[in-house]
Structure formats: C-alpha cells, structure tokens
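Hi everyone, thanks for coming. Let me put today's structure up on the screen, and then we'll walk through it together.

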Amino acid sequence: MIGTGGAVGEAVIEVSGLRMSYDGIEAVRGIDLRVSRGEIFTFLGPNGAGKTTTVEILEGHRRRTDGEVRVLGVDPEHADRWWRSQVGVVLQSSRVEPQLTVRECLELYAGYYPAPRSVQEVIELVGLKKRSEVRCGQLSGGQQRRVDVALALIGDPELVFLDEPTTGFDPSARRSAWEMIDGLRRLGKTVFLTTHYMDEAEALADRIVVIKAGTLVAEGTPATLGGRDHAPYQISFSLPRGVAITELPSGLGHARVLDGSSKVVIESAEVMPALQTLSAWAIQRGYEVSDLLVRRPALEDVYLGLTESSK
Amino acid sequence: MSASRTAPGQMSDARLVGHQLRYDLLLILRDPQSRFFTIVLPLIFLVLLTSLFGNHTHFISGHAIKNSTYYVPGISTLGIIATSFVNLVITITGQRENGVLKRRRSTPVPAWVLIASRALTSAILAVVLVAVIVVIGRIAYGVHIPSSTLPAFALGVVIGAAAFCCLAFAAASFIRNEDSAQPIIQAVILPLYFISGVFVPKDQLSSTLKDIASVFPVSHLNDALFKAFDPATTGSGIAGTHLLIVVAWGAAGLIIALWRFSWSPQSS
C-alpha cells in the first residue's frame, strides 16, 4: 500500500495514454505523466489545452475515455474514502461557505478526515490568524482563496492538487502563498500545480510539463524547459546617445533593436568573449554602456515559443 | 474496501451526520434570506390571513370551519414546503454552482451523509416551524388542537417534509444556475398554493382548479393536515389516500434525484 511515509522518488501519479473526448472532440490526446513523491510538479498550458480536464480526471471528478491512470496506486474512478483522505484538492473556482467563520469552516472539514491537522496550525499556515473569527463571506478574494488552500490541507493529505491557486492574489499574498506551497515540499508532500503565471512556475516547480491542444509538448525543470539551458544568452544594453546600431563592432554578431526601445539585443553562445569585444569597443571610444543585462531567454519566452508556434 | 481502510480516528458515519447537521443548521440560520423566506414569511402569512378574514367561517365538505382553524394546517403546509422544498432547492443549487458540493465530494465524507444531513436540517426546521405555527394558532386565535388526531398531524408533517426533500433534490437537478433557482421555484409553487387551499379556502375555488390541484402533492398534503384539525373528523384522522399520493410524489422525486443529481457546477 502506498501511504504515508513512502520513499521519495516513488511514483505518486502514473498516467499513460490518457484520452478524453467530449462529443467526438478530443480534449486530451494520449498523454503520459509520472509525478514522483515529494516533488512540486507544474502543469502549464493555455486555456482550453486540456489542463483542467486532465486534473479533474486525476482528482476523480471526471471519467476518462481511455488510458491508464494511477494516483497513489489507485484508479481515481474507483476512489474510496482512504484515497480521498490522502488527496487534497483546490478547485479552480469554488467559494467557501460564506456564513461560516474561517475557523468553523475548517472545523467542519476537519471532521471529514480520519487524522486531520490542527485547525489552528492550518489557519496560521495560510496566514489567516487575524481573520480566523471572520465569516468567509466577508473575506477578500485572496483571503477566500487561502481558505480554499487551508481546506485542501486540513486532512493532512499526501498529494495536493492546486488548480491556479493564486489567481486574484495581490503580489504580497502571492509571495506568502508560494512560501506556503514551498513549505509543503519540506513536509514531503507531493504537489500537482497548474498555473498560468510563469514566475510562479519558476519559483516553485521542480519539474514543468507543457500541454498544448491535448498533447504534451515539453518537459523539463524551470532551467531546462524547451532547451532553455542550451539557448544562446541574450546580452542587452542601451546604446550610447547618438550612436547608431551599425557602429557596433562586427565581432559581436547580429544585433537587433528591442521593440519600441533604445535597447539592443545580441544573442551569443559565449558570453565572455562577446562582453570583452563590447567593452573594448566602448572603452576605446569613451562610451558608457548602461542597462547591461545578460540572461537566458525568460521562461515566459520559452513557454510562448512552445505554445504559440505553428498554431 | 472503504470500511477496512478507514482509520480508527474517523468519526462513525452516524456521528458524521450529526457533525454536518450542526453546520448545515448554522448556514441557514445565519443566512438572512433563508431566515426571512423560510421562517418569518410563513408566520407573516398566518397572521395576515387570519386577520384579513377575521372570524369568518368557511364551509368545507358541508360544515362550518373557523377561519383560524382553517389556516393553521394550511400555513403548516406552506411552512413544510418553504423549508423542505423552496429553501432546499435554492441552497443546494447555490452550493452546487459555487463548487461547495464538488469540494465536499473531494473529501472522504460519504455522499449519503451530506444528503441525509441536509434533508434532516430541512425536516427539523419544518417540524419546529409547524410547532410554532400551531402554538401561535392556539394562543393568539384559540385554535383547538385535537389530541386524538395530533399523531396523524405529526405523521403528515414528517411525511410531507420527507417527500418534499426528495422533490427538492430532483428539482435542483433541472435548474442550471443559482440566480434562476428562486424565480423558477416560486413560479411553480405560488400558483399551487393558491389552487391547493393554502391561501384561498377550497370552498371558494372552481372545480376545474381543484381538479388541476389534485394532481399535485401540495393539495394532498394540505388536505391531510387539515383533516387532523377538522372538528368533523372522527377516529385517528390519518388521511391514508392523501398521504399515499404525497409519498408517491416523494418516491418519484427520489428516483429522479438518484438518476440526475450532480455534485459539479452545471453552468460554465
């Protein structure tokens, strides 16, 4: 039995050849997934790509058309009470009971589980200590979302599904939600996260899988997704006043002006020689090169490249 | 399989119903709309209708009935339907569309526990409300409560509440979104109140209206409850045929609910 205290690295979710059709239209076209214990697995994809359908099948809320699915060793279509007690779910859109206080709401759900966490502890974990006696209907959208997350954690699950958990959060609430999700990793929990915020994926994900039109198009860590680690570096800087792009030394390779700005971008596989050429040129002519930035393509660039090309 | 894997710390299912019931009651009592439409409005109707017609008498099946004696069972019918049907349809449709039901189904709580608790909540409210109606009738209007037929009246209240709960779960499955629940249910139930003797005594209704009403359970529940208060009634006062028709409607509702009831939002 796969239960509490399983080994890190062991499969918590195994999916092969998963297909789902609605009225003859295939929303999910044969995908394979493996999520290991203790990782934060991130599922990215544009709206309508099959993300939520896949998550709902894994949560046991939807019957699949075809394929093999094992979550905690069990087919979610035959989920029993033990299984449900091991799986926490934050649905994409759900409201909490508006007439109950945060504490009452958690006490209600705690009663459903065989070994719930302490209500007070979970309230503190999601940062609602000062709001615990307030009725959920009077909370802000972001605070209600935190109650959602708290309800998913109250049963002390092994695996937590978070479907766009920080949508509608302000930046500071987002930061604290990330810390909380990161805390789940430290507790050894497995997290299946869907999001459309690239910074969220970058901050949290151990592994990212990208789905597009029902098929998986890329897999990797935030650093390696879509060949990001092999992609040429982008060196960008502002041109000195009055200097044209054609005056740049030829050894720098192809330079282009960044859309709608005075910044120039050079793509280079080798950063140091390029920088040496650039600085030699600037020093020699007495130019100041400002806003100098060296980076790999942003995760967002990689993601957009993966999901928008050949549309 | 599920029983063998349930950890020892888990509440028994019966206790779980009690746990859920406490919160289901809180949810209704704290909701201003439920409070007004379900509890206060039936009492307003009782006071209003008995005051409007004063000490008028109605002729039902050939004998005179005091106005207030007529309206105590009538408004009891309305109270049962307000709690077990109207309020139930509106709350479960709302909870379904808000994702509350779906989230609860993601937890280990068994579906039947949730349904039993919510139905019991309505039934408890119905019983309390009817008791208040009867007590007001006794104290304010001197309505005679016949002790020999009181068990028959109680039986009618319980059967009515149970049947209308089943009908509520069936009706909710046909309503796609939260906002249309209230108008749809009122559009169905208000005309039935008028033609079933709840607001307007049956001696003032045409036979066509009475025939139409006799198809639906509202009229039969009203007749069954009235029989217990009718001074002309002899014996136990159990209106077998009327109650059986109410039970049949409840059973039909239960079958439809089992077939169609959904835990997930229907409007997307």
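So, which domains does the domain assignment of chain A give? There is domain 1 (11-227) and domain 2 (233-295), with bounds taken from an automatic or database domain assignment. Their centres, taken over C-alpha atoms, are 44 Å apart.

A quick word on the model. It is predicted, so local features need pLDDT of at least 70 and side-chain atom pairs count only at pLDDT 80 or more, while totals for chains, interfaces and linings use all residues. Residues are numbered from 1 along each chain as its sequence is written, with chains lettered from A and ligands numbered from 1 in the order in which they are written.

Now look at strand 1 (residues 11-22) of chain A, which runs antiparallel to strand 2 (residues 25-36) of chain A and is joined to it by nine bridges. Strands here are DSSP runs of E, at least two residues, and helices are runs of H or I, at least four, numbered from the N terminus; strands pair if DSSP finds at least two bridges between them. The two form a hairpin with two residues between them, and A:Asp23 in the turn has a positive phi of about 50°. Across the pair, A:Ile13 stands opposite A:Val35.

Further along, strand 10 (residues 233-238) and strand 12 (residues 263-268) of chain A pair in the antiparallel sense over six bridges. Here A:Tyr233 faces A:Ser268.

Finally, the partner: 25 residues of chain B are in contact with 25 residues of chain A, meaning C-beta atoms, placed from the backbone, within 7 Å. Helix 2 of chain B gives the most to that side, with five residues.

Methods: Contact = placed C-beta atoms within 7 Å.
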